[in-house]
Each structure stands twice: as structure tokens, then as C-alpha cells.
Amino acid sequence: MKIELIVSGVCPFCLEAEKVWRAAAADHGFEFAVLDIAQPEGAVLAQRLKLQTVPALLIDGTLRAVGVQSPEEALALLQPARQEAHDRMQQMGFTFSPDNRGFILAAQAYLMLAGLGLLLNGSFLSDNAARPAFLHLFTLGFMLFMIYGLASHMLPRFTGNPIREGVWPWLQMGLAHCGVIGHAVGYLAGWHTLIVVGAVLTWLSLAAFAFRVWPVLWPAEPYSNSR
Amino acid sequence: MHKRNRLFVSIALVYGLLGGLIALVRLIDPSLIPGNVPRAHGHIMLLGFILMMIYGIALHVLPRFGGFPLYSEQMADWQLYLANAGLPLMIAGWLGWRDMLVMAGGVLTYGAIVLFGLNMILTVRAKGRGKTIPVQ
């Protein structure tokens, strides 16, 4: 989290505000910067925010307060951000998040289903109609779901960069389930349209996965942990 | 995470999307892409998506879980080059009905597989070259 204090060289209270916020940022391990409105960076920011008063406080780029705050007021202003940071830490725990747990569990179900189908039909090497259905239950249902669950869990921990969360993993999961089931049922029933629709949905789930994972691998900010 | 390993994972994602797209086009109109498309699709997904994803993640985690540094960074770099030279050749061979290209691509891809296998064996066998490294 970043705390920015916009000050002016002629403001008599700015130094006091800087002391309060520098201490608060240091206490909580937040990034802290002081911007002078006489300097280009500070002037641009002051103009964008239409600032009339300094010192002005920004938390993660959002104007939160003006004037001089006491240490207690500073703590209160930081509380939502501290809670958010805490929640984020919880999500980055060692155990699976609910979405990744769902991917892994579903993968096992698809594995058993695919294995049973291949066994009953004797279709692993043969070319009957059930072969692509159960083969894709194995490759898309089991392998792809395992990759979804494990990669989404591990890559943010390997790189230290967050993965896109919120509605995205659930959208990815919904698309993948509908896609895999539709694709397999389409092959079994001989419905070409359902095969294509299933494939499109599965492909979209992969696109959603790539969209979520890309900033984990290549963050916008310079990569700090290259080895 | 090493840049090479991030490249492996990123390339895996690209191959996954490409392999899926080829299969989709084939399903919609089998005449649009010439050549042996099912085989190209299967290998793009297995060698391009699954295997490269495994390469990227395994090169990162296995040394850490094994407790020793990667036996050879150079071998892993060459693995990246060979794998990404081999698969496009194989795809070109199948789509263009050129068996020689498939064979050449297959040899390069197999070279990458051998480099990975040896590197992992020499890393994980608990007699690694260097000191232990922390899991991170």
C-alpha cells in the first residue's frame, strides 16, 4: 500500500503532518512518499485532484484527508487498508482457496469418470465413438482442471504477485465445467453443435485462466524476484 | 521465479490457446486447416501446453522440494530452446504433410525431454552439487 502526502514549502503545518504519516507508514510497513506542489509531480497531482488545501493525504492514489492528523486519526484512516492487507494475506495462505479446491476436487471426479469410461468401452486405443468423449474427459476434465487448481495456487506464491480473483475464477470454472461436459456429451450423443459449443466454452475458460495468470508472470511493475 | 521458468509457463498458455483454437477451427470446418490437424492438436496440447507447464513449474519447485539447487541452469536453458524449436517443426510437418520435419522436430523435442529428465535426476537424487536451498 502507498501513502502519499502532498505538501508545500510555504505551508507551516506540512512538516508536522509529514512526521505523523512517516511514522505511521513505518509502523505498518507501508510505502511513503512526500510530493511538493512546487515540483512537477506534485503539481500534476494537485491539479488532477483540484486540491485547494495542503497537506493532503492520498492512500493508494485516492484522496483521503486534508490538514494535519493526530497519530490516532492516522491509524483510523489506515484501518480499512490494513484490513484489506490482512484479508489479502489470508488469501495467500498455504491452503487452497475455495475456487482452487473446487478445481482439484472436480479433476478427481473427471479422472474417475474418464477412467471408468475408457475401461468399460475398451476405447483407449480403439476408434469408437466414445473414445474422444472419455479422452477429453481425461485431458480437459482431469489434466486441465489439475493445472487450473495447482497453477492458480502455486504461481502467485512462487512469484509474489497476486492473481486476478473475484468473479474470474468462478467464471473460468463455470465455463470449464459446461465446456467439458458439453464436449463429452456431444461426442457420446453425436451432436456436432454440442461438441463445438463445449469446445468453445472450454477454450474461453483457458483464455480466462491465461488472463488471470498473465500479470502473475509478467507484472506491470518491474520484476523484483528474478531468481 | 526464474525468467526462463516464467517463459515456459507463458509459452504453455500460448500453446494451450493455439492448440484449442486449431481444434475449434477443425470442428467448425475441417477443410480450413490442411494437414493432419488432430495429431497437431494433440501434440500442441500435450507437448506445448501440458509439458511446458510442467517444465516451468517443475524447474522451479523440484530443486526447492529436493533441497538442492538445479543441477545445471545451462541444461535448462537449452531445454527451453530445443523444446521451442522442436514443436513448431513438428506442427509444420503435420500440417504440411512433411514427415522429415516431424522427425526433426521430434528429435529436438526429445532432446529437451532428455535434458529435463537428466537435470531433474541429478538435482533430486539427494547428491546435488551445491548447498541446500530454502523453500520459497
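Predicted model: local features only at pLDDT ≥ 70, side-chain atom pairs only at ≥ 80, totals over all residues.
Which helix gives the most to the lining of the largest cavity?

Let me begin with chain A. Chain A contains 7 helices and 4 strands. If you walk along the sequence, the order is β-α-β-α-β-β-α-α-α-α-α. Chain A is also split into two domains, with domain 1 covering 2–91 and domain 2 covering 98–217. Taken over C-alpha atoms, the centres of these two domains are separated by 46 Å.

Two more figures for this chain. Of the 227 residues in chain A, 41% are buried. Then consider the contacts in chain A with a separation of 6 or more: 70% of them come from residues 24 or more positions apart.

Now the opening question. The structure has 1 cavity of 30 Å³ or more. The volume of the largest cavity is about 40 Å³. Its lining is made by B:Leu47, B:Leu51, B:Met52, B:Tyr55, B:Ala83, B:Leu87 and B:Thr109. Two elements give two or more residues to that lining, namely helix 2 (37–66) and helix 3 (73–95) of chain B. The answer is helix 2 of chain B, which gives the most, with 4 residues. By class, the lining has 6 nonpolar residues and 1 polar residue, and no charged ones.

The largest pocket has a volume of about 1,200 Å³. It is lined by 37 residues, and those nearest its centre are A:Leu135, A:His136, B:Pro38, B:His41 and B:Gly42. Which elements give two or more residues to the lining of the largest pocket? From chain A they are helix 5, helix 6 and helix 7, and from chain B they are helix 1 and helix 2. Helix 2 of chain B gives the most here, with 10 residues. So please keep an eye on helix 2 of chain B when you look at the model: it is the top contributor to the lining of the largest cavity and to the lining of the largest pocket. The pocket lining divides into 23 nonpolar, 10 polar and 4 charged residues.

On to the salt bridges. How many salt bridges does the structure hold over all chains? There are 5. I will go through some of them.

Take A:Arg22 and A:Glu18 to begin with. Their side chains meet in a salt bridge, at 2.7 Å from N to O. Both residues sit in helix 1 of chain A, residues 14–28, and they are 4 residues apart, about one turn of the helix. A:Arg22 has a relative accessible area of 45%, so it is partly exposed.

The pair A:Glu165 and A:Arg212 is next. The closest N and O atoms of this salt bridge are 3.9 Å apart. This pair links distant parts of the chain, 47 residues apart: A:Glu165 is in the loop between helix 5 (130–159) and helix 6 (168–189) of chain A, while A:Arg212 is in helix 7, residues 192–217. Is each partner buried or exposed, or something in between? A:Glu165 is partly exposed, because its relative accessible area is 33%. A:Arg212 is at 0% relative accessibility, so this residue counts as buried.

In chain B, the side chains of B:Asp77 and B:Arg4 meet in a salt bridge, 2.9 Å from N to O. B:Asp77 lies in helix 3 and B:Arg4 in helix 1 (residues 3–28) of chain B, so the pair ties together parts that are 73 residues apart in sequence. B:Asp77 counts as partly exposed, because its relative accessibility is 23%. B:Arg4 is buried, because its relative accessible area is 4%.

What is its burial state, buried or exposed? B:Arg6 is buried, with a relative accessible area of 4%. B:Arg6 and B:Met53 are 47 residues apart in sequence, and their C-alpha atoms are 9.4 Å apart in space.

That is what I have for today.

Conventions:
Residues numbered from 1 in each chain as written. Chains lettered and ligands numbered in written order. Heavy atoms only, no water. Domains from an automatic or database assignment. 1 Å grid on protein atoms, 1.4 Å probe; cavity = no way out; pocket = protein on both sides within 12 Å on 5 of 7 lines; lining within 4 Å. Points joined across faces, edges and corners; volume = space filled by probe spheres on them. Nonpolar A, V, L, I, M, F, W, Y, C, P; charged D, E, K, R; others polar. Salt bridge = Lys/Arg side-chain N within 4 Å of Asp/Glu carboxyl O. Buried < 20%, exposed > 50% of the residue type's maximum accessible area, 1.4 Å probe, protein only. Contact = heavy atoms within 4.5 Å.
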